[in-house]
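Please keep the sequence and the model at hand while reading.

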Amino acid sequence: MSADPYAYTFPHSDLLSVGGLNPIDLQMIFTRAEEHFARNQGEDKKLGTLKGLTQINLFFEASTRTLASFELAGKRLGADVVNFSAGNASIKKGESLADTALTLAAMKPDLLVVRHGSAGAARFFAQTTGIATVNAGDGAHEHPTQALLDSFTLIQRWGDVAGRRIAIVGDILHSRVARSNIALLNLMHAEVRVCGPATLLPGDIDQWGVSVFHDLDQALEGCDAVMTLRIQRERMSNGLLASEREYGALYGLNHQRLEHAKPDCLIMHPGPMNRNVEISSALADDPDISLILDQVESGVAVRMAILELLAQKAPSMTWQDRVNYREGDA
Ligand code: CP
């Protein structure tokens, strides 16, 4: 127990999902992110809070935004950062994921950032290695730092997301971004709507604490913000969508459709986007409405905050400490 009964230490040894974060954790993350965001505007962006620590970014799936921002975040905090991509890994030669995890752990990194096409992969790395791990997207499961940076971007505009009406449009079924955002926005008392064709909504969507729409114009009524998701072209071939053209006509966002929302409605997209499919180019590039590049900028600051908070435990805990800690948590 802490000597100061009012002190609060970030209690998480990993960030694998939004579930488990509480409002105080969020306040800690966003307060730190605000400081980093301000510093990132200046010439001297460097801090030494992770000096001496090693961060490995393990990306088994393609990424532009998440990988670059985790690399910048770690470097700006003074960590030694190693990027490791599946294309060059021994997994191609038949090495198991467990052996990859144990091999990298033997090199004594302090932080792992894991992206993988399978749900649960980041948790597997955390449990196998005992090293502080951030989930940078695992299959269709979660992408917690994306949700945190999205909410941080909205909070910077509005001060709070509570009471705001936010629609998430597109392929909810396969979207880790949607899953993490719905959990986080509900935690922060926003009103969340989802909209998409029935084939791209989960069967248990009525259990997710959201209002469900199939008609985009209706979903947009009174919205303060709209998050549109990448249409995953690989889904076209398995009968989930009739055609890209039809999807664009029914669910594509543009200035005209946005007239159904509040006059000052903001739009977001996690990227990468298919211009003129899920969002018109004109809307994506409209500086008065689009937060797309603000989201990218927020991503570095939010990821700096996450790495710092997890690193508070990293140097002081042995592998066995961390395993005991995790088992005690469970
Ligand atoms: N939003 C997101 O995860 O983008 P990347 O796939 O480019 O990392």
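How many salt bridges are counted between domain 1 and domain 2? In this predicted model, the count between the two domains is one salt bridge, and a bridge of this kind joins the side chains of arginine 176 and glutamate 61, with 3.0 Å from N to O.

Domain 1 is made up of residues 18-143 together with 297-319, while domain 2 covers 144-294. Taken over C-alpha atoms, the centres of domain 1 and domain 2 are separated by 26 Å, and the contact draws 29 residues from domain 1 and 27 residues from domain 2. Between them the domains bury about 2,200 Å², of which 65% falls on carbon and sulfur atoms. On the side of domain 1, the residues that lose the most area to domain 2 are Val18, Phe30 and His143, which together account for 30% of what that side buries.

Polar contacts also link the domains, and 13 residue pairs are counted between domain 1 and domain 2, both residues being at pLDDT 80 or more. The elements that contribute two or more residues to the side of domain 1 touching domain 2 are α1 (23-40), α2 (65-76), β3 (111-116), β4 (132-138) and α11 (292-311). Of these, α1 gives the most, with seven residues. Sorted by class, this side of domain 1 holds 13 nonpolar, eight polar and eight charged residues.

**The surroundings of the ligand**

The residues around the ligand are Ser63, Thr64, Arg65, Thr66, Arg115, His143, Gln146, Pro270 and Gly271.

| Residue | Part of the residue | Distance to a ligand oxygen atom |
|---|---|---|
| Threonine 64 | backbone N or O atom | 2.8 Å |
| Arginine 65 | backbone N or O atom | 3.0 Å |
| Threonine 66 | side-chain N or O atom | 2.6 Å |

**Salt bridges in the whole structure**

A search of the whole structure finds nine salt bridges. One further pair is glutamate 71 with lysine 75, whose closest N and O atoms are 2.7 Å apart. Because glutamate 71 and lysine 75 are four residues apart in helix α2, about one helical turn separates them.

Note on methods
Residues numbered from 1 in each chain as written. Predicted model: local features only at pLDDT ≥ 70, side-chain atom pairs only at ≥ 80, totals over all residues. Heavy atoms only, no water. Domains from an automatic or database assignment. Contact = heavy atoms within 4.5 Å. Buried area = accessible area lost by both parts, 1.4 Å probe. Salt bridge = Lys/Arg side-chain N within 4 Å of Asp/Glu carboxyl O. Polar contact = N/O pair within 3.5 Å; in protein donor to acceptor, adjacent residues only side chain to side chain. Nonpolar A, V, L, I, M, F, W, Y, C, P; charged D, E, K, R; others polar. Near = heavy atom within 4 Å.
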